[in-house]
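Thanks for coming. I will go through one model this morning, starting with a helix and ending with some backbone angles. Please have the structure open.

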Amino acid sequence: MTVQQLKYIVALDVYRHFEHAANACFVSQPTLSMQVKKLENEMGVSLFNRDKSPLEPTEVGSIILAKAKRILRDIDELKAFVNEETHQISGSFYLGIIPTSAPYLLPLFLKSFIEKYPDLEVHIKEVQTEHAIEQLENGSLDAAIVATPLKSNSIREIPMFYEPFFHYQMGEKKKSISTSELKPEDMLLLEKGHCLRDQLLSICSKRSRKKMAFSLESGTIESLKGLVKSGMGSTLIPRLAAQAEDAPFLQKFKAPQPVREMSLICHQSYTREAILQALHSEIVNSVPEDMRTSKRFTLVEWR
């Protein structure tokens with residue numbers, strides 16, 4: 001049974017003539033006749049008394065036609081609802097964002113975004129990527145801002161910008177270095193679960209990392225910065241996390257610079273396209289222009 005077959009039998013009930021119903025449905029009369037017969041065979045009943053002129057629904061056909069009309073009406077209402085939802089920027093919107101981006105990205109776009117769309121109630125939650133995916137799938141989040149690619153069939157990725165990494169260390173240093181010059185044994189990492197940790201390990205993947213004399217489980221970039229400033233090692237930080245006071249500790253990478261791709265993600269079934277487009281535009285316009293393209297960079301994958 002298909003929606004199109006239901007439309008055919010409803011048209012046949014309206015016009016009570018195969019050719020007229022076919023014309024109204026913009027199909028040939030044999031096509032309509034074949035589909036109606038196919039539906040009758042599937043149901044095991046005759047929907048129309050073809051001996052009558054004009055033809056009439058059978059007793060059971062009248063019952064099925066009433067249900068078919070209700071189904072088609074519900075489908076039309078659902079389409080109208082989805083269309084309205086797709087174009088409205090109002091109601092509640094639940095947004096996740098990874099902790100290594102939240103303190104630095106939110107101040108750039110959030111105030112202007114909520115001022116532009118006062119009818120949209122935005123709820124924001126810091127969440128690691130794996131948990132964001134779970135919550136998109138169970139519906140507790142509408143969208144999330146994470147590092148991609150994720151390589152998940154159920155998740156739609158909308159790339160926004162490409163954020164370069166800086167080497168963060170104490171002491172004298174060259175103006176720029178290559179990733180091959182990093183010393184894995186000196187690297188401070190975030191706790192497990194952070195994509196930034198996995199990206200750093202990916203950059204250093206070809207070299208062994210010796211065990212450090214102390215163990216740190218930190219969820220913030222600022223904690224890593226503090227340890228670097230105390231002479232405990234070095235780390236990598238994303239560009240937006242680099243503040244003015246960090247200038248003495250920053251070291252750029254030689255081209256092509258390693259970057260993380262930051263994307264707005266949602267479940268493949270999510271329909272509120274207007275909100276996604278508005279948020280995407282606001283975020284992209286809030287970051288430095290040279291971060292809006294992947295050219296000159298090398299993407300660091302982590303998943």
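The buried residues of helix H3 are Leu32, Ser33, Gln35, Val36, Leu39 and Glu40. Buried here means under 20% relative accessible area, exposed means over 50%, and partly exposed is in between, with a 1.4 Å probe and protein chains only. Helices are DSSP runs of H or I with at least four residues, strands are runs of E with at least two, and both are numbered from the N terminus. This is a predicted model, in which local features need pLDDT of at least 70, side-chain atom pairs count only at pLDDT 80 or more, and totals for chains, interfaces and linings use all residues. Residues are numbered from 1 along each chain as its sequence is written, and side-chain values use heavy atoms, with hydrogens and water left out.

A check on length: H3 has 15 residues, 29–43, and at 1.5 Å a residue should span 21 Å. The expected span is 1.5 Å times one less than the number of residues. The end C-alpha atoms of H3 are 21 Å apart, which agrees. After H3 comes glycine 44, with a positive phi near 80 degrees.

Next, the packing of H2 on H3. The angle is about 100 degrees and the axes are 8 Å apart. Axes are lines fitted to C-alpha atoms, for helices over the stretch in contact, and angles between N-to-C directions run from 0 to 180 degrees. H2 and H3 are therefore roughly perpendicular, a label that covers 65 to 115 degrees. Phe18, Glu19, Ala21, Ala22 and Cys25 of H2 make the contact with Gln29, Leu32 and Ser33 of H3. Contact means heavy atoms within 4.5 Å.

Now to helix H8, residues 221–229, where lysine 225 is placed. Is lysine 225 buried or exposed? Lysine 225 is buried, at a relative accessible area of 2%. Leaving aside neighbours within four places in sequence, lysine 225 is in contact with Tyr168, Ile237, Ala241, Gln243 and Asp246. The buried residues in H8 include Ile221, Leu224, Lys225 and Val228. Those residues cover an arc of only 105 degrees around the axis, which puts them on the same side of H8. Just after H8, glycine 231 has a positive phi of about 85 degrees.

Last, the backbone angles. Arginine 16, in the loop between H1 and H2, has a positive phi near 55 degrees although it is not glycine. Arginine 16 is partly exposed, at 28%. Phenylalanine 26, in the loop between H2 and H3, has a phi near 60 degrees and is exposed at 77% relative accessibility.

Which residues are joined by a cis peptide bond with omega about 5 degrees? They are threonine 148 and proline 149; proline 149 is in the loop between strand S5 (143–148) and strand S6 (155–168). Alanine 255 and proline 256 are also joined by a cis peptide bond, with omega about -5 degrees.

Notes: Parallel < 35°, antiparallel > 145°, perpendicular 65-115°, else oblique. Arc of directions from axis to C-beta.
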